[in-house]
Amino acid sequence: MKYKVAPSLLAADFSCINEEISKVEKAGADLLHLDVMDGVFVNNISFGIPVIKTIRKCTKLPFDVHLMIIDPIKYIDQFVDAGADSISFHYEACSNHEEVIDRIKSHGKKACLAISPETSAEVARKFKDKLDMLLIMTVRPGFGGQKLIESTLENIKIAKDISRETGYRIPVQVDGGINRETLHLVTEAGAEIIVVGNAIFSSDNPKEVIDYLKEGK
Ligand code: DX5
Ligand code: ZN
């Protein structure tokens, strides 16, 4: 297996969320990606702390929480308490980046900086010694089911270069518009952890999709 796959629960059927989670767990998911949106940082509202706390009981998969919220420092402790194993916050959503990273790590959790398409991933370089992962958005954050923006491939390459400077300690995660057709673009640019919503949850055979994503072909 070359790549790790993180199904994004945003694309799941919430009327039977327990089965949806078991389905991807059995199909070989490595992480469960949880998209939290506040209606302010992005024009959409998804789910938050109580939902994450509830579904924590449904699975042993690590919870990879992607915060699309302003002022993330206010909520880090609560997301950790709800069961987050890694927390991504957006560079564009705050100005106290180091403080947020330190707060996440003070709980022994993985700190990840997320970069929107309009931001150069170069902004992450100065935090490289503290970060545990870099998340490059390949669509504008806020909605699942969008088309991958090819200009973001440059950010994946920059993130990989930053990772190289750390001896490849920091994996590069990518998120948005990834499917069989676009997978090779992100893997060739250097992605290692692949977030996928619709292509997994809308498939009749999620295992086949996850296997395919893991092999990178
Ligand atoms: C977008 C989210 C993504 C999204 C991915 O703001 O961060 O995780 O749900 O979904 P697909 O794979 O459908 O683009
Ligand atoms: Zn996401």
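The largest pocket of this predicted model has a volume of about 280 Å³. A pocket is defined on a 1 Å grid over the protein atoms alone as an open set of points where a 1.4 Å probe fits, with protein on both sides within 12 Å along at least five of seven lines; its volume is the space filled by probe spheres set on the points, which are joined across faces, edges and corners. Of the 25 lining residues, Gly-144, Gly-145, Gly-176, Gly-177 and Gly-197 are the closest to the centre of the largest pocket, where a lining residue has an atom within 4 Å of a point. Strands S2, S3 and S8 and helix H7 (198–201) each give two or more residues to this lining. Helices (H or I, at least four residues) and strands (E, at least two) are DSSP runs numbered from the N terminus. The lining comprises 12 nonpolar, 11 polar and two charged residues; Ala, Val, Leu, Ile, Met, Phe, Trp, Tyr, Cys and Pro count as nonpolar, Asp, Glu, Lys and Arg as charged, and the others, Gly among them, as polar.

The largest pocket is the space taken by ligand 1 (more than half of its atoms lie within 2 Å of the grid points). Strands S2 (32–37), S3 (63–68) and S8 (193–196) each supply two or more residues to the shell around the ligand, and S2 has the largest share, with three. Among the 20 residues around ligand 1 (a heavy atom within 4 Å), Asp-35, Gly-142, Asp-175, Gly-197 and Asn-198 come nearest.

Polar contacts are pairs of N or O atoms within 3.5 Å. Oxygen atoms of ligand 1 lie 2.8 Å from a side-chain N or O atom of Asp-35, 2.8 Å from a backbone N or O atom of Gly-142 and 2.6 Å from a polar side-chain atom of Asp-175. Taken alone, ligand 1 exposes 380 Å², of which the protein buries 98% (Shrake-Rupley method, 1.4 Å probe).

The second largest pocket holds about 210 Å³ of space. Its lining has six nonpolar, one polar and five charged residues, including Lys-4, Asp-64 and Lys-110.

Local features need pLDDT of at least 70 and side-chain atom pairs pLDDT 80 or more, while totals for chains, interfaces and linings use all residues. Residues are numbered from 1 along each chain as its sequence is written, chains are lettered from A and ligands numbered from 1 in the order in which they are written, and side-chain values use heavy atoms, without hydrogens and water.

Note on methods: A polar contact is a pair of N or O atoms within 3.5 Å; within protein, one must be able to donate a hydrogen and the other to accept it, and residues adjacent in sequence count only if both atoms are side-chain atoms.
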